Amino acid sequence: MDLELTPAQKKQYAEEGYLSLPRLLDREEVAKLRSAIADLGQAGFNLKARQVGALTQKDPRFLQLVFNPKVSDLIGQLVEWDRIFLHSSKVNFNCANDGVPKTWHQDNVYWPEVPPNQITMWIAIDDADASNGCMWVLPRSHTQGVVPHSQGATGWEITEENVPKIFPGLTPLQCPVEPGGALVFHGNVLHKSEANRSPRNRWALVLDFDDRKNEIVRINKQTNMMTQFDSMEIWRRSRVPEPAGGQPTDRR
Ligand SMILES: O=C(O)CCC(=O)C(=O)O
């Protein structure tokens with residue numbers, strides 16, 4: 001894929017709040033990530049859970065993904081920030097036959113301490129389509145700021161019936177993508193996925209980025225401990241990351 005976003009793509013992201021990138025990663029890159037996810041199972045993580053987080057701390061192949069220019073440089077083209085910070089990386093398993101839906105929500109509702117400017121990259125590892133729980137977005141919903149959510153079965157949510165009341169006139173869009181395809185969306189864009197009722201798994205990687213200026217400190221109210229974050233600078237305007245991963249290097 002061409003690493004340089006077109007003016008039309010940047011305009012679409014700014015106006016609609018999301019961008020679909022049908023072939024972000026190639027077959028080899030997807031295969032490597034699929035193995036890394038399968039190896040999480042070998043390491044004792046439950047691949048039937050809804051998700052496993054803090055991936056970059058678990059396997060270097062996930063770290064290489066975030067430093068891949070197709071990821072870090074691409075995010076850098078969409079934001080004005082000087083430094084980009086990865087604050088969360090996870091795999092979402094919408095498992096064959098009994099996947100769990102994730103109801104409508106804005107990601108920024110999860111990061112209330114920071115200005116609401118997170119950006120999310122969602123990468124399909126499997127084919128994601130209407131029958132196995134692909135993503136949906138509500139284009140232009142990022143223009144209203146963070147709206148009140150209620151607590152649902154899988155976290156903060158806005159119920160189906162409230163969507164048209166809060167966002168009148170906006171039309172939901174289903175976003176099927178092939179393996180290696182990605183969606184990038186503003187943290188205020190309303191999005192969801194439906195339950196996987198097909199016999200095919202729908203695995204996806206989710207990377208959350210923020211402006212390095214924002215210090216994200218989230219305390220678990222029960223344990224009074226800081227939640228585990230990836231907490232890592234991945235990109236600077238004056239630098240480019242190394243293609244093979246590792247630490248960013250000077251452009252000069
Ligand atoms: O991967 C999914 O099914 C849902 C992703 C999502 O909305 C999230 O993780 O915030």
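What percentage of the 252 residues in the protein do buried residues make up? Buried residues, defined by 20 or more other C-beta atoms within 10 Å of their own, with C-beta atoms placed from the backbone, make up 38% of the protein. The structure is a predicted model, in which local features need pLDDT of at least 70, side-chain atom pairs count only at pLDDT 80 or more, and totals for chains, interfaces and linings use all residues. Residues are numbered from 1 along each chain as its sequence is written.

The protein contains five helices and 15 strands, taken as DSSP runs numbered from the N terminus (helices: H or I, at least four residues; strands: E, at least two). An open sheet is formed by four strands in the order 4-11-6-9, with antiparallel pairing; strands pair if DSSP finds at least two bridges between them. Strand 4 (102–105) and strand 9 (173–175) are the edge strands, each pairing on one side only. Strand 4 is joined to the antiparallel strand 11 by two bridges, and Lys102 stands opposite Ser193 in strand 11.

Lys102 and Ser193 also belong to the surroundings of the ligand, together with Asn92, Asn94, Asp107, Gly133, His191, Ala204 and Val206, where a residue counts as near if its C-beta atom, placed from the backbone, lies within 6 Å. Strand 3 (83–94), strand 11 (191–193) and strand 12 (202–211) each give two or more residues to this shell.

Ala204 is in contact with Ile125, as are Val30, Leu33, Arg34, Ile37, Pro179, Trp203 and Leu205, leaving aside neighbours of Ile125 within four places in sequence; contact requires C-beta atoms, placed from the backbone, within 7 Å.

Methods:
Two residues are in contact if their C-beta atoms, placed from the backbone, lie within 7 Å. A residue is buried if 20 or more other C-beta atoms lie within 10 Å of its own, exposed if 12 or fewer, and partly exposed in between; C-beta atoms are placed from the backbone.
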